[in-house]
Each structure stands twice: as structure tokens, then as C-alpha cells.
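I opened this entry to record what I looked up, beginning with the pockets and going on to the sheet.

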Amino acid sequence: MRIAEMNWMQVEAYLKRDDRAVVPLGSTEQHAYLSLCTDGILAERVSVEAAEPLGIPVFPMLAYGVTPYFRAFPGTVSLRLETYLRLLQDILNSLMSSGFRRILLVSGHGGNEPAGALATEWMADHPAGQVKFYQWWRGPKMLAKAKEFDPILSHASWFENFPWTRLTGVEMPSKRKQLPDRSGYPRLVGKAMRAYVGDGNYNGYYRRSDEEMLAIWRVAVAETREMMETGWD
Ligand SMILES: [Zn+2]
């Protein structure tokens, strides 16, 4: 359940029977024709739906992440790595002092991966706490389901186009996007990134049927729930 629907007394009562919490990690960044907040919308929604039957509180999604490569796209906001890690540290410390001991970070954005390294360092400093960093969109079961429909999926492609990330009245191209391969080259930033990636989709079609997207979503929710239920010491 969303922490927004709880008061502190209810959290105190919850902590007498459980010590798990979920923090979704988003990013406000270009997603081609989709919402700038796609990563946060997806991370939060998959977390809330997965946590619902378990009664685990889901904290407000962290709307900003690390996305320096997209800074030339209007509406993108990137935290410096140092800021991001300090922010996460403060969040983990606060949860720990509340009494949460098992914290699942559910990330919707690849640039937030430093949070995984931070989680490890944080646990070394706080032996009583456990933090798992989980990228819901990399879950092997959901990826296998998605690839049944289309193996070419990427940032801002159909893979992130759910009824809750697309924008009313915005038409999607029907072509399949294909960017030139840049493996072995440095990651592009600034205007060069914008020139390379064009509308923002990396590769693949822009949309697929709702039926397929909902089938993928159901697997993602179940797989995220498994991360909440199992794999704790
Ligand atoms: Zn995304």
C-alpha cells in the first residue's frame, strides 16, 4: 500500500509485524512520444500492484535520477551522481531509524544503477539492514514474456508504452526505429546525443497492442512481488 495512505501510528503498528519497505526509483527524462515521467510511473505502479496483497508500504517514488546524457532534451532533470547517492543514503538511514530492516529499491531507469552499489556499501555500514536493488524491467521472466512478442525493445520504444505512460492525442510512428551501432564508442551526451537519437526511441517499434502490454505487465507485477516475498536473509 502507498505510504500516502498511512499515518505514522499505522506504520508503527506495521513495524511490529513486518519490517519490509519499498522505494520506487524513477527518472524525469525524455521518452520520445511517451511521458517524461515514464520510468517513475512504471516503477511506482509495478511496486504498488506487487505490494498490495502483501500489505508492504510503498514510499513515494523518487522522481529524479541520474540521466546526464539526456540533458539536451527539454524537460529532462538529472541529479549529479554525488547528489543522488547522498539522497539515497538519507532515505535508507531514515527508513532504518524508523525500524525498517528489509528495503527493496525498485528502479525504472538504467542510469540509477549506482544505487545498487550504494546499497552494498550501505549494508556494510549497517549490518542489521538489507537492501535489494531491483530493476523491474530487467526481470528475466518479464523480459522473456516481452521477447515472445518482439525481441527488439529499448528505451522509449513499445517496451515502455503502457496505457499509463502514453499521452492522450499523441500519435506514434508506425515504423521500426533502428539506430546505427555505437558499441565500442563513448556514450554520447548533450547535443550529440540528441542528434544521434532523434525523437528519443533507441530501437524498435513505438507501440504494440494493449493485450500484449497487459500480458507483459502481469508477469512484471508477479516477478516484482517475488522480490518482495523471497530472497531475504
Ligand atoms: Zn524509461
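**Pockets**

I began with the lining of the largest pocket, which by class has nine nonpolar, six polar and six charged residues; here Ala, Val, Leu, Ile, Met, Phe, Trp, Tyr, Cys and Pro count as nonpolar, Asp, Glu, Lys and Arg as charged, and the others, Gly among them, as polar. I note that the model is predicted, that local features need pLDDT of at least 70 and side-chain atom pairs 80 or more, while totals for chains, interfaces and linings use all residues. Residues are numbered from 1 along each chain as its sequence is written, and side-chain values use heavy atoms, with hydrogens and water left out.

The volume of the largest pocket is about 420 Å³, and among its 21 lining residues G110, W137, R138, S154 and H155 are the closest to its centre. A pocket here is an open set of points on a 1 Å grid over the protein atoms alone, where a 1.4 Å probe fits, with protein on both sides within 12 Å along at least five of seven lines, and lining residues have an atom within 4 Å of a point. Grid points are joined across faces, edges and corners, and a volume is the space filled by probe spheres set on the points.

The second largest pocket holds about 260 Å³, and its lining, including S154, R182, R187 and N203, divides into seven nonpolar, two polar and two charged residues.

**Sheet**

I then found an open sheet of three strands, in the order β1-β2-β3 with parallel pairing. Strands are DSSP runs of E of at least two residues, helices runs of H or I of at least four, both numbered from the N terminus, and two strands pair if DSSP finds at least two bridges between them. Because β1 (20-25) and β3 (130-135) stand at the edges with a single partner strand each, one side of each has no neighbour in the sheet.

Six bridges join β1 to β2, with L25 partnered by S107; β2 (residues 102-107) pairs with β3 over six bridges as well, and I103 stands opposite V131.

All six residues of β1 are buried (under 20% relative accessible area, with a 1.4 Å probe and protein chains only), with R20, V22 and P24 on one side and A21, V23 and L25 on the other.

**A loop residue**

Lastly I looked up P127 in the loop between α4 and β3, which is exposed (over 50%) at a relative accessible area of 75%. P127 lies 26 residues from R101 in sequence and 9.8 Å from R101 in space, C-alpha to C-alpha.
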